[in-house]
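Keep the structure in view as you read.

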Amino acid sequence: MPVIPDIMLNNGQRIPQFGFGVFLIPPPQTEAAVSHALQAGYRHVDTAEMYGNEAEVGQAISKSGLSRGEVFVTTKLSNDAHQPDDARLAFEGSLKALGFDYVDLFLIHWPLPTGYDGDFVSTWRTLEEFYRDGRARSIGVSNFQPHHLRRIHTEREITPAVNQIEVNPYLTQGELHRFCAEHEIVVEAWSPLGRGRVLADPTVDDIARRYGKTPAQVVLRWHIERGDVVFPKSVTLSRIRENIDVFDFELTGEDVEAITALNRDQRAGPNPDTFAG
Ligand code: NAD
């Protein structure tokens with residue numbers, strides 16, 4: 001079994017740096033995919049209310065023979081539930097679907113600055129309640145830009161533990177990355193493989209050949225070397241195993257820089273400043 005490093009969050013909780021993402025895994029396939037991942041050594045699962053597969057994630061973990069405390073579970077607030085009362089109901093719904101009495105990490109999925117009168121601060125204050133009552137061991141945000149984080153920062157009691165953002169070699173997010181580091185917010189890189197797009201890049205391919213690794217492994221290792229948390233998604237057993245097999249090599253600083261230099265500021269997902277949910 002691979003030994004996966006932990007990262008210490010700003011509240012003292014620890015998060016496994018590597019996990020399993022389940023976005024776009026249809027509910028009937030989710031339990032099997034998560035079970036395969038747990039058998040392969042994954043101990044961190046990233047889901048969301050909007051993925052529609054929280055129940056299947058919970059079932060796979062409950063049936064795995066692992067104790068609840070051995071698996072780090074993240075879920076996220078639905079975009080249609082930012083009003084405080086809706087957020088409270090949605091959070092209870094997520095716990096119920098998962099079959100757990102707490103989650104390790106609960107996130108605001110998108111800032112939605114053009115919705116709810118731009119008031120994601122009230123939503124954040126509601127997440128602070130879940131943290132205080134212990135049902136969310138850590139709370140954080142997703143898809144927040146520096147100016148969104150600054151607003152939270154001036155009005156918050158609790159600093160977000162993480163910011164989950166789109167990052168891959170074609171979208172390195174240098175400025176946001178530095179901002180998060182300065183504010184002790186851990187970056188989680190979503191779509192770390194660029195949904196497969198970056199794997200055909202000749203520079204990635206050349207580096208992969210030199211290390212005797214696959215392009216996916218090299219890209220995932222690049223995220224690890226940058227200090228980010230990653231959770232690639234796959235439903236294919238061989239890829240689930242391949243993706244976690246990145247803890248027996250290190251990239252040189254030069255190779256990390258060569259991959260970072262591939263940046264094109266190219267998003268595959270929506271722009272958080274305009275995305276309305
Ligand atoms: P990803 O970058 O993990 O790419 C997944 C795709 O890459 C797979 O469908 C498969 O086609 C391919 N792939 C996986 N392993 C491979 C391998 N070894 N070789 C070749 N191809 C391979 O994309 P993702 O699923 O979008 O992102 C990962 C996770 O990030 C999601 O499951 C979800 O948990 C999270 N996410 C969060 C947000 C957000 O807004 N917070 C948005 C998207 C994704």
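What volume does the second largest pocket have? The answer is about 250 Å³. This is a predicted model, where local features need pLDDT of at least 70, side-chain atom pairs count only at pLDDT 80 or more, and totals for chains, interfaces and linings use all residues. Residues are numbered from 1 along each chain as its sequence is written, and side-chain values use heavy atoms, leaving out hydrogens and water.

Some terms come next. On a 1 Å grid over the protein atoms alone, a cavity is a set of points where a 1.4 Å probe fits but cannot get out, while a pocket is an open set with protein on both sides within 12 Å along at least five of seven lines. Lining residues have an atom within 4 Å of a point. Grid points are joined across faces, edges and corners, and a volume is the space filled by probe spheres set on the points.

| Space | Volume |
|---|---|
| Largest pocket | about 660 Å³ |
| Second largest pocket | about 250 Å³ |
| Largest cavity | about 40 Å³ |

**The largest pocket**

The largest pocket is lined by 31 residues. Closest to its centre are Phe23, Ser191, Pro192, Arg195 and Lys233. Helix H9 (residues 237-244) gives the most to this lining, three residues. Helices (H or I, at least four residues) and strands (E, at least two) are DSSP runs, numbered from the N terminus.

**The ligand**

Which space does the ligand take? The ligand sits in the largest pocket, meaning that more than half of its atoms lie within 2 Å of the pocket's grid points. Around the ligand are 25 residues (each with a heavy atom within 4 Å). Asp46, Ser191, Leu193, Arg195 and Asn243 come nearest. H9 gives the largest share of this shell, three residues.

Now look at the polar contacts (pairs of N or O atoms within 3.5 Å). A polar side-chain atom of Ser191 is 2.7 Å from a ligand oxygen. For a side-chain N or O atom of Asn143, the distance to a ligand oxygen is 3.0 Å. Gly194 uses a backbone N or O atom, 3.4 Å from an oxygen of the ligand. On its own, the ligand has 830 Å² of accessible area (Shrake-Rupley method, 1.4 Å probe), and the protein covers 88% of that.

**The second largest pocket**

Here 15 residues form the lining. Arg14, Pro16, Gly69, Glu70 and Phe72 lie nearest the centre. Strand S2 (residues 14-16) gives the most, with three residues.

**The cavity**

How many cavities of 30 Å³ or more does the structure hold? There is one. Its lining includes Asn143, Phe144, Gln145, Ile165 and Glu166. Gln173, Leu176, Arg267 and Pro272 also line this cavity.

Technical notes:
Polar contact = N/O pair within 3.5 Å; in protein donor to acceptor, adjacent residues only side chain to side chain.
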